[in-house]
Amino acid sequence: MTSAITARLDADKLIEQAYELAGSDDFGDDDGWRENLDRLLEAFIEADDLSPIGVEIAAADVIAPLRNRLQITAWRREHPEIAQEKIERPIIILGQPRTGTTILYDLLTQDPDLRAPLTWEVDQPFPVPQPQTYETDPRIAQTEAALEISEQLNPGFMKFHPMSARGGQECVRITMGTFCSMTYSTQYFLPGYQRWLMHEADHAAAYRYHRKFLQHLQSGVPGQWLLKSPAHLWNLDKVLAEYPDAILVQTHRDPLVVISSISALMAYLQKLASDNSTVARVARQCAEENVLGLERLMQWVDGGLPGAERIIHVRFADFMKDPFATIGAVYERIGRDLTPQAEKRMRAHLSANPGDGGGNRYTWADTGLDAGELRERFRAYQDRFDVPSETLR
């Protein structure tokens, strides 16, 4: 299979396809995207894990961000005033995966006074979204069709990891344009790329591109940004360097439950592109990522990282017990009023989308990890943020 992967995932050929789709050959600033792309493609070849359809999915996951980058750069060149767009006080939700970040994000996106990057405009940001067609843009239907195909290829995907064209999208999907994104190490088994991403990658450059992407979108439809990605946890210093006035909401949950759940989710996602996916295969990666992320969090919070003192800490158990008490407390901390209209929309969304969180899809035994050993590694974090242990399934 390696030869097929090498032939299809040739950087120059993929770039040429992006040129044709975008009608441009200018990628903009040299932020290391090409070196990152080469590293990603080498990781695909090294892992040799893709099924035949997985090779095509991986190619699409390279060509689309290349096309988007080309189109954004071309539009920015024609409209240089976009560079002056200000990103002010973005609200950024971060935390370990499966700690309530998604439901909290989805509820807050119901507030009409907040602006989330929606899946359809993140996947297809050109032409610039416009207020008059924001609910009827043909890209919405195109994105829904693409999501339906994913569900057909991997039945149950949408229940385990709900997505919609009009739903808020994660920032890692934006930073795919620099090929420095946790999306790749989540959707594919790429241990070499994952280690590079955690320890060596230039995330500062990725966040600079992230700002350009937001400037592009808000030049058409403005608003105060509401953003979300668990990946921000690993790069909080870079987040605050790029957005020093950001409002941060950090969720907390028993890390062992998180590892069990996210391992199951990643294994399920990776089935779309691989015939070899298992929970045990990805669990070690999930454990190491979470140990590193939470260690960094404690270093930044206790080490005086500028801006870290403004983090609003939310315990998963408290949020699930009374979501609106938590949301009310968050709004009070950030100086916003939770309007009756916004609360009504949030309650309607929660009623229509209770979600099962994948709760019946994972057990700790599937991970093959030593619970006692990991509990000791996370003890300092749980003590520091008063995070209770949960019963492992």
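This is a predicted model: local features need pLDDT of at least 70, side-chain atom pairs count only at pLDDT 80 or more; totals for chains, interfaces and linings use all residues.

A disulfide is a pair of cysteine sulfur atoms within 2.5 Å, and by that criterion the structure holds zero disulfides. Cys-171 is in no disulfide, since the nearest cysteine sulfur, that of Cys-180, is 13 Å away, and this distance between the sulfurs of Cys-180 and Cys-171 is too far for a bond.

Residues are numbered from 1 along each chain as its sequence is written, and side-chain values use heavy atoms, with hydrogens and water left out.

The helices (H or I, at least four residues) and strands (E, at least two) named below are DSSP runs, numbered from the N terminus. Helix α3, residues 33-47, has 15 residues and reaches 21 Å from its first C-alpha to its last, close to the 21 Å expected at 1.5 Å a residue, where the expected span is 1.5 Å times one less than the number of residues. Its buried residues are Trp-33, Asn-36, Leu-37, Leu-40, Leu-41, Ala-43 and Phe-44. Seen down the axis of α3, these buried residues fall within an arc of 150 degrees, so they line one face of the helix; the arc is that of the directions from the helix axis to the C-beta atoms. On the other side of α3, Glu-42 and Glu-46 are exposed. The buried residues of α3 pack against α1 (2-8), α2 (11-22), α4 (52-78), α9 (182-187) and α10 (191-199), with contact meaning heavy atoms within 4.5 Å. After α3 comes Asp-48, whose phi is positive, near 45 degrees.

The strands come next. Five of them form an open sheet in the order β2-β3-β1-β4-β5, with parallel pairing, where two strands pair if DSSP finds at least two bridges between them. β2 (114-115) and β5 (312-315) stand at the edges, each with a single partner strand, so one side of each is left without a neighbour in the sheet. Strand β1, residues 91-95, is joined to strand β4, residues 247-252, by five bridges, and Gly-95 has Thr-251 of β4 as its bridge partner. Four bridges join β4 to β5, in which Val-314 stands opposite Thr-251. The covered face of β5 carries Ile-312 and Val-314, whereas His-313 and Arg-315 lie on its uncovered face.

Helix α11, residues 203-218, has 16 residues, and 13 of the 16 are buried, so this helix is largely enclosed by the rest of the structure. Asp-202 caps the N-terminal end of α11, with a side-chain oxygen 3.2 Å from the backbone nitrogen of Ala-204.

Finally, Ser-277 lies in the loop between α13 (255-270) and α14 (279-302) and is buried, with a relative accessible area of 12%. A polar atom of the Ser-277 side chain lies 2.5 Å from the backbone oxygen of Ala-267. Not counting residues up to four places away in sequence, Ser-277 touches Ala-267, Gln-270 and Lys-271.

Notes: Buried means under 20% relative accessible area, exposed over 50%, partly exposed in between (1.4 Å probe, protein chains only). A polar contact is a pair of N or O atoms within 3.5 Å; within protein, one must be able to donate a hydrogen and the other to accept it, and residues adjacent in sequence count only if both atoms are side-chain atoms.
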